[in-house]
Every structure is written in C-alpha cells, then in structure tokens.
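Please keep the structure open beside you as you go through them.

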Amino acid sequence: MASTSGASGAAAPKKPKPMSKKHLQHFEKRLLDERKRVLKELGKYDEVFNATDQSSDGDLSSYSFHMADQGTDAMEREKAFLFASKEGRYLWHVNQALQRLYKNPDTFGTCMTCGNQLPFERLEALPHARMCIACKAKEEDAKRR
Ligand SMILES: [Zn+2]
C-alpha cells in the first residue's frame with residue numbers, strides 16, 4: 001500500500017474509488033457491533049427485549065405502525081434522548097454512519113470535507129469517522145478559536 005506521503009495542505013480532491021464490497025461489509029459489521037454494544041450499555045437493548053416479551057400476543061405489526069406514525073417527531077425525541085449522554089452521542093454517529101453506508105456506499109469512507117479517501121486504519125479505529133485527520137484537526141482548531 002503506497003501511502004500518500006507529504007503533500008500537506010489542500011490536496012485536489014481526486015475521485016476516490018468506491019470501497020470494495022468486502023470492506024463495506026466489514027465496516028457494516030463493525031458499526032452494527034458498536035451499535036449493539038452501546039445500546040446494551042445504555043440499557044436500551046434489554047428494554048426493547050423486555051417490551052417485546054411482555055406484549056407477546058404476537059402483535060408486533062401494531063408496534064411498527066405506531067412507530068411509523070410518529071415519524072420525524074419520534075426521531076427528534078430519540079435524538080434528544082441520545083444526545084443527553086456521551087454514549088448516546090456516539091450511538092447517533094454510529095447510526096449516521098450506517099445510514100451513509102446503506103444510502104451511499106460509493107462515498108462511504110471518504111472525507112466529507114475534502115473528499116479524499118480515509119485511510120483504512122482510521123476507519124478501522126473509528127468506523128463512523130466522516131473526515132480525514134487533517135480536516136478533523138482543522139475543524140477542532142476552528143472550534144477552539
Ligand atoms: Zn479531509
């Protein structure tokens with residue numbers, strides 16, 4: 001693997017080649033695992049299971065219809081709930097990454113700011129990363145000023 005050495009500053013966004021299916025599946029699994037882990041940590045996982053257990057008249061369809069009815073309102077509430085904790089915020093980012101992966105697999109793993117492909121090692125460490133290290137550093141820097 002030839003790493004793009006040197007060349008600091010604004011590199012012209014080259015068209016990154018889409019991630020291979022194998023890699024996409026790998027990161028999908030990583031994200032789903034993270035999601036499961038955080039949900040468990042938040043205690044939401046058990047809740048979901050208990051709730052399903054208790055209303056075991058086999059009527060799961062009404063549940064999903066109910067959720068669909070709530071639409072974006074429920075989403076906003078979920079977001080508010082999630083952002084109340086550090087784990088929750090992390091979960092939100094993981095969910096967003098999964099959405100990106102499903103909706104735009106072609107651009108998954110590219111920096112949302114400069115469009116360069118994120119190094120595999122970065123995604124391996126942070127599968128929900130949206131920016132390359134250089135852009136992320138710039139953003140953090142801007143926040144501090
Ligand atoms: Zn970047």
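1. The residues that donate to the zinc ion follow the spacing C-x2-C-x17-C-x2-C along the sequence. They are Cys111, Cys114, Cys132 and Cys135, each through its SG atom, and they coordinate the zinc ion at 2.3 Å; donors here are N, O and S atoms within 2.8 Å of the metal (3.2 Å for Na, K and Ca), and since water is not among the atoms, sites may look incomplete.

2. This is a predicted model, in which local features need pLDDT of at least 70 and side-chain atom pairs count only at pLDDT 80 or more, while totals for chains, interfaces and linings use all residues. Residues are numbered from 1 along each chain as its sequence is written, and side-chain values use heavy atoms, with hydrogens and water left out.

3. Why is the arrangement around the zinc ion called tetrahedral? The four donor atoms subtend angles of 103 to 117°, and four donors count as tetrahedral if all angles lie between 85 and 135 degrees.

4. Is Cys111 buried or exposed? Cys111 is buried, with a relative accessible area of 3%, and Cys132 also counts as buried, at 12% relative accessibility; buried means under 20% relative accessible area, exposed over 50%, and partly exposed in between (1.4 Å probe, protein chains only).

5. A search of the whole structure for disulfides, meaning pairs of cysteine sulfur atoms within 2.5 Å, finds zero.

Conventions. Tetrahedral: all angles 85-135°; square planar, octahedral: opposite > 155°, others 65-115°.
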